Amino acid sequence: MLSTYNGEKYLLDQLKSIYFQKTKHELLIFIRDDGSADNTLSILEDFKKDYPNCEIIVQKGDNIGVQKSFLKLIQTAPDADYYAFCDQDDYWNEYKIETAIQKMNSFMSDPVLYCSNYEIVDQNLNVIDKSHIIEKGVTDSVTQILFQNRVPGCTMIFNKKLMDILKDIDISMVRMHDAYVLAVAYIFGKVIGDAQYQIKYRQHENNTVGVKNKFPGLKKWVKEKMELLRTGENYSMAQIASAILKKCDVQCDERQLRELQRIEQSEYSIKARLALFCSAATASKSNIRATSVSYTHLRAHETLRHL
C-alpha cells in the first residue's frame, strides 16, 4: 500500500525495489495518489508499461494529506494474505517481504504484525545512521504507542486477520496510520520484531515525516504545539482509544484496558490529561536513552492540545 504525492524524484527507485523482491509470492502494488502535480502519475504509467508482469492498481484522489491517504488505502485495500505499507521515497532490501512472511508464518492463527530495524540513508542511499528499535523493544504500552510511536509504518507487514480488524474500527480520528496499526496489533494479536535492516529510510529536503530528535528545544516544541492549536487539527487520542475499546473490551488484558480507559477519560478530565502528559513525557526521556535515532511526530506531547 503506497501513498504518492509529488514523488517523481525517488519513486522509481522504490517501485523497482518492490518489483525485484526475492519472494515466491505474487505482489500487487496498491497505490493512492494524493493529488500530485508533478510527473508522479506519468512515472506510474510508464512503470506499468515497462514491467507488464507487475500488477499495479492506482487510485487518483484529491490532496487530503499523508495521514488520510494511508487510511484510505486501509479502507479500500483489496483482499490479500499480507499487507505492507510503503513510502514513495524509501528503498526495500530484496528479502524484506519473504523474511517478514517466514517470521509471521508461525502465528498465522492470530492477527500478527511484523516490523524491522531500518537504515537511515541520504538522498543517494548512503547510510548515515541505523535504528535500534527492535533491540530496545518495539513497545512498552498502549500509551507509548499512541503518544510516542517509534516504529515507522514503512517497516510494517501484517496479515489479513489484522487487516480485517483495522477495517472494522472507526478511524476517523486517527492521526497517523502506523501508531494506530501497531496499537491494534499489540492489543489483539502479536507484534514480531526483526533486528535486521530491511529498508533504507531516505532523508531529504521534502520528507513529509522524517527522523527527528524526540526532545527538541523548548522554543521549537512550543511553536509546534501552538501550530496544532492554531490549525485545530481534527484528531483526538481519546476518541481513538474509545473506538478501540468498543472493539476490544474482551481481548484487552487488565493493563491495556486501564490504559485505554485513562486515555478515553482524558477527553473529560483535566487530571487525566495531566497524568497522560506526564506519562508520555517520561516515555520520551526513556526513548532518548533507548535509541540512537528516533522516528516521531512528537506524539509524546500531543496531550497539550486538549488542555
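At what angle do α1 and helix α2 (residues 40-50) pack, and how far apart are their axes? In this predicted model, the two helices pack at an angle of about 30°, and their axes lie 10 Å apart. Because angles under 35 degrees count as roughly parallel, α1 is described as roughly parallel to α2. The crossing of α1 past α2 is right-handed. On the side of α1 the contact is formed by L11, L12, L15, K16 and Y19, which meet T40, I43, L44 and F47 of α2. Sorted by class, the residues of this contact comprise 7 nonpolar, 1 polar and 1 charged.

From α7, the residues L162, I165 and L166 take part in the contact, while α8 supplies Y180, V181, V184, A185 and F188. This contact of α7 with α8 holds 8 nonpolar residues, with no polar and no charged ones.

| Helix pair | Packing angle | Axis separation |
|---|---|---|
| α1 and α2 | about 30° | 10 Å |

Most residues other than glycine have a negative phi. N6, although it is not a glycine, has a positive phi of about 45°, and this residue lies in the loop between β1 (2-4) and α1 (11-19). With a relative accessibility of 32%, N6 counts as partly exposed. L125 is likewise not a glycine and has a positive phi, here of about 70°, and its place is in the loop that runs between β7 (112-121) and β8 (127-130). The relative accessible area of L125 is 23%, so L125 is partly exposed.

Which cysteine sulfur is nearest to that of C86, and how far away is it? The structure as a whole holds 0 disulfides, and for C86, which is in no disulfide, the nearest cysteine sulfur is that of C154, 8.5 Å away. Since a disulfide requires a pair of cysteine sulfur atoms within 2.5 Å, the sulfur of C154 at 8.5 Å is not a partner for C86. C86 counts as buried because its relative accessibility is 2%, and C115 is also buried, with a relative accessible area of 0%.

Note on methods:
Residues numbered from 1 in each chain as written. Predicted model: local features only at pLDDT ≥ 70, side-chain atom pairs only at ≥ 80, totals over all residues. Heavy atoms only, no water. Buried < 20%, exposed > 50% of the residue type's maximum accessible area, 1.4 Å probe, protein only. Contact = heavy atoms within 4.5 Å. Helix = DSSP H or I, 4+ residues; strand = E, 2+ residues; numbered from the N terminus. Nonpolar A, V, L, I, M, F, W, Y, C, P; charged D, E, K, R; others polar. Axes fitted to C-alpha atoms, helices over the stretch in contact; angles between N-to-C directions. Parallel < 35°, antiparallel > 145°, perpendicular 65-115°, else oblique. Left-handed = near helix turned anticlockwise from the far one by under 90°.
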